[in-house]
Amino acid sequence: MKLTKFVPLLPFCAAPFLSADVTLPSVIGSHMVLQRDEPVPIWGWADAKEEITVEFNGHKAKATAGDDKGWKVELPASKANAKGQKLTIQGKNTIVLEDVLVGEVWLCSGQSNMEWTVSRSSNPQEEIANSANPLIRHIKVPHRPSDKAETDVETSGWLLAAPETTGNFTAVGYFFARHIQKELNVPVGLLGSNWGGTRIDPWIPPVGYRAVPALKADFADKLDQFPTKAANGKVNHQTPLALYNGMISPLVPYGIRGALWYQGESNNGEGMLYHEKMKGLISGWRSLWNKPELPFYFVQLAPFKYGNRNPQDLAGIWHAQLASLSIPHTGMAVTTDIATTNNIHPPNKQDVGKRLALWALAKDYGKKDIVYTGPLFEKVEAKGTELVVHFQKGTADGLKTTDCQKASHFEVAGKDGEWKPAVAMVRGDTIVLTAEGVEKPASARFAWDQVAEPNLFNGAGLPASPFNSTW
């Protein structure tokens with residue numbers, strides 16, 4: 001086993017492991033955060049049959065490299081620890097990783113609104129100047145499609161939150177981490193694997209496509225045809241498997257608590273097909289990490305004028321995202337109130353990160369009395385000329401608007417299916433709808449337009465999700 005030289009990690013430095021034979025995946029390095037309270041996987045490569053010993057936090061585990069030169073150990077679970085420790089890998093020689101913490105680790109994936117950095121978000125100078133926090137750490141996976149499931153990807157290593165580095169962190173991930181770190185007082189690590197403009201399709205693993213019947217004919221039965229390549233052999237990064245292969249597979253099985261997802265703009269127009277793809281993504285990632293209840297929290301897209309598109313296409317994605325809450329252990333941050341309809345990248349990522357954090361704090365970290373979502377549609381009830389909108393229990397407490405109890409952007413339809421603007425009044429934790437010319441309303445929809453910025457909130461100030469009762 002050849003010596004792997006340790007190089008102190010500097011921002012944007014080369015990968016820290018320089019020798020040829022004994023290597024670790026780039027995600028495992030100095031300054032990393034390991035997931036607390038569950039076994040810790042450490043893996044790498046060495047000479048075939050070489051015996052490897054890994055030591056950390058008073059624990060020791062051993063493995064023997066296989067004929068394929070791969071090895072893996074699982075260290076016993078550790079409690080959160082904010083004091084940097086050494087992690088030692090020993091075979092014929094020794095590798096020492098410095099300043100390793102134990103805390104909470106979250107995967108941050110999706111397209112440009114997840115890749116969007118702190119430096120391009122609201123109040124960037126102030127946020128960056130005040131960002132020094134060695135308990136928040138981030139590693140960025142470079143853009144890399146691949147035609148096969150990779151086992152490693154070159155990165156710049158783990159970086160500590162500081163004025164010199166935080167500007168390049170995923171903003172949504174950083175503000176999420178800042179909020180839960182303050183509440184939990186434990187280290188937080190972020191795995192930034194994201195790529196602006198990408199569809200959901202290339203992020204879904206094979207096992208995810210195979211798990212969803214609706215994806216069988218067009219995807220699961222054709223996986224041997226993906227990802228596609230250009231005539232010059234370049235992998236098409238927008239086709240199925242391309243980014244799972246190159247940007248997710250190399251991270252497995254690094255220990256994570258859950259995943260944050262902000263994507264959908266590039267699938268606009270797919271309607272409920274997007275919900276089926278979300279099923280594939282979520283079940284697929286849960287299979288990869290062998291965690292059937294892996295928390296998966298996502299962002300409902302913000303209102304935006306998509307050029308010449310049908311203005312209701314985005315509402316179809318909104319509804320698909322709302323429907324994805326039916327998948328267990330998921331959560332959704334609604335953003336209709338913090339949009340910039342002329343900018344697909346709303347700069348207010350602080351509230352996005354915080355709203356995702358509310359789900360995690362309430363569902364994963366046992367924090368009580370946290371309101372973690374705005375009003376979520378449950379059903380409509382016809383009462384003569386009125387149609388009553390009911391919301392899921394606990395989501396509409398303190399229901400209010402910013403306009404004298406009149407809620408905007410509601411429509412009703414009778415059995416003829418013709419939609420009419422509705423007068424919408426708050427009544428307790430429900431909305432009562434009436435519309436001129438609709439004597440027997442049967443259906444309701446809310447914010448069913450790409451630039452709708454409705455004024456309906458619960459008592460915690462969290463906005464209601466768009467919906468359509470006929471979907």
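**Figure 1. Side-chain directions along strand 18 in the predicted model.** In this predicted model, F410 and V412 point one way from strand 18 (residues 410–413), while E411 and A413 point the other way, and all of these residues are buried. In a regular strand the side chains alternate between the two faces of the sheet.

**Figure 2. The hairpin of strand 18 and strand 19.** Strand 18 and strand 19 run antiparallel and are joined by three bridges, and V412 has K420 in strand 19 as its bridge partner. Five residues lie between the two strands of this hairpin, and G417 in the turn has a positive phi of about 75°.

**Figure 3. The sheet of four strands that contains strand 18.** The strands of this open sheet follow the order 19-18-22-24, with antiparallel pairing. Because strand 19 (419–421) and strand 24 (467–468) stand at the edges with a single partner strand each, one side of each is left without a neighbour in the sheet. Strand 18 and strand 22 pair in the antiparallel sense over four bridges, and A413 stands opposite S443 in strand 22. Strand 22 (residues 443–446) also pairs with strand 24, again in the antiparallel sense and over two bridges; here F446 stands opposite F467 in strand 24.

**Figure 4. The sheet of five strands and its edge at strand 17.** A further open sheet is formed by five strands in the order 14-15-21-20-17, and the pairing is antiparallel. Its edge strands are strand 14 (377–383) and strand 17 (406–407), each of which pairs on one side only. Strand 17 and strand 20 (residues 423–427) are paired in the antiparallel sense over two bridges, with A407 standing opposite A424 in strand 20.

**Figure 5. The whole chain as the setting for the close-up views.** The chain has eight helices and 24 strands, and its C-alpha trace spans about 85 × 50 × 35 Å along the principal axes. For 471 residues a compact globule would have a radius of gyration near 23 Å, and the 24 Å of the chain agrees with this. Of the 471 residues, 57% count as buried, and among the contacts in the chain with a separation of 6 or more, 71% are accounted for by residues 24 or more positions apart. The chain exposes about 19100 Å², of which carbon and sulfur atoms supply 49%. The chain carries 48 positive and 48 negative charges, and the mean positions of these two sets are 2 Å apart.

Note on methods: Residues are numbered from 1 along each chain as its sequence is written. This is a predicted model: local features need pLDDT of at least 70, side-chain atom pairs count only at pLDDT 80 or more; totals for chains, interfaces and linings use all residues. Side-chain values use heavy atoms; hydrogens and water are left out. Two strands pair if DSSP finds at least two bridges between them. The radius of gyration is taken over C-alpha atoms; the globule rule is 2.2 Å times the number of residues to the power 0.38. Buried means under 20% relative accessible area, exposed over 50%, partly exposed in between (1.4 Å probe, protein chains only). Contact means heavy atoms within 4.5 Å. Accessible areas come from the Shrake-Rupley method with a 1.4 Å probe; for residues, only the protein chains shown count as cover. Lys and Arg count as positive and Asp and Glu as negative; His and the chain ends are not counted. The place of a charge is taken as NZ of Lys, CZ of Arg, CG of Asp or CD of Glu.
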